[in-house]
Amino acid sequence: MSSGVGGGTGLPADLGAAFDAVAARLRERAEALRAGGHTEPADIVETMALIADDPDLRGAAATGLAAGQAPVDAVTAAASTYADLLAALPDPTLAGRAADVRQVGRRVAAVLRGDPAATLDGPVILAGHELGADDLLEVADDLAGAASLLGGPNAHVAIVARALGVPLVFGVTPDAPDGTPAVLDGATLIVDPTPEQEHAAREAVRAAERHRADLAAGRALPAVTRDGRTVTLLANVATAEESRAAVAAGAEGAGLVRTELPFLTAADWPDEAAHAAALRPVLDPLAGLVATVRTLDFAPDKLPPFLTAAGARQLPPEALATQLRAVVAAGAATRLRVMLPMVESADQVEAARALLPGAVPCGAMVETAAAVEGIDGIAAAADFLSIGTNDLTASLLGLDRLDPALTPARAADRPVLRAIAATVAAAGRHDRPLSVCGDAAADPHAVPLLIGVGCRILSVTPSALDAVRARIRTLDTAECAKAAAAVLG
């Protein structure tokens, strides 16, 4: 599909007006979201408005109409055709956009049918065969949860759900009419719950709200263990919203700024201007704070169209130099650090440092068994180390990144904890700061063991900062050390 704006020459008036109405409504919603500080959802909705404007989609609908299809059928068929083309693509991000195309088709069809806007008395659980981002945004203020048969974590609907802070489950959808009472309990959708089940669900929601409020009330307290050891809390961020949320929750900066997400659909390596435009909004809220920017890390499960899995994890020198120039310029107001993913040798650190403008600290992520084997050389070459527990756990336990068994708690497995302890020891020998930025840094079972082997800097998602701070304040480092020693054997 093209992304040009226009009504399409020869488009029947009613059909064109329906597409125009949907595009206009989407742009109004995008403006409202952006005014409220919801930048990423606003970008998604604006993309959907471009889909509604797309002359190819409109032309396909007009062709169907000329062939004798009813207007609603012509629009539905055109949207389905283009969505199927996207869904068949090997790239999961592009394939996930199929839901947005179908969603636009449904919106245009609803206008043609004269359907009134839905009137919902929240809280609402949205459920459908394939929910789109716009479905959630339509009732964002009243949304309690959502369930979709189709979709996955890279879909726009999943991104918006995370931004809104509402639970979303895939693989389930009820066979029930609108307005049916329901309860979303973890990954279970209960239709027509008993009074007892509904009462328990409402109590659980209220209890969760009270718990979050209690945790937030402790933001002014330091992240200090019972025996007086300070733990530095940083945040993992990828958007301006996450950076603002991290600062509001008391993070001392960002221990991981992901940079690849804006380029998952790029046709080629981004240039310096593209890097700067994507990064500045993320770094602006971090002015004066630590900002650890990781260079592009295209893992096999998040590849742009121009890459294959075989060449995903290491950047060509020219692409790396381009990004480093943009990072240094965009991060001038922060306490900037640059971090390299998937480092396995000191030579990789030295090669990157030679391309890095200025005296910006250059660090290495420890994420593989090979990195642990060569950790002394890497620690000597790098200015700081960061342990990526997700990939490290996968590497040491022989698990795929998408394996459901790859949970944050698996960092407590003996081979993984031994590798973490060895990395901490190497950082100490070479007097290098060390942080943990994988999901284990927020896992309530893994955190005491990380503290026990000497980790004193944890970088977590902004939404986890309050809980991790509270957890740290319950711990005693001597007790943590004993627990870690028992695992290490």
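Q: What does buried mean, and what share of the 489 residues in the chain is buried?
A: Buried means under 20% relative accessible area, exposed means over 50%, and partly exposed lies in between (1.4 Å probe, protein chains only). In this predicted model, buried residues make up 46% of the 489 residues in the chain.

Q: What should I know about the numbering and the model?
A: Residues are numbered from 1 along each chain as its sequence is written, and side-chain values use heavy atoms, leaving out hydrogens and water. The model is predicted: local features need pLDDT of at least 70, side-chain atom pairs count only at pLDDT 80 or more, and totals for chains, interfaces and linings use all residues.

Q: How many helices and strands does the chain have?
A: Helices (H or I, at least four residues) and strands (E, at least two) are DSSP runs, numbered from the N terminus. The chain has 20 helices and 13 strands.

Q: Where does aspartate 192 lie, and is it buried or exposed?
A: Aspartate 192 sits in the loop between β5 (188–191) and α9 (195–216). Its relative accessible area is 53%, so aspartate 192 is exposed.

Q: Where is methionine 342 found, and is it buried or exposed?
A: Methionine 342 is in the loop between β9 (335–340) and α13 (346–355). Its relative accessibility is 13%, so methionine 342 counts as buried.
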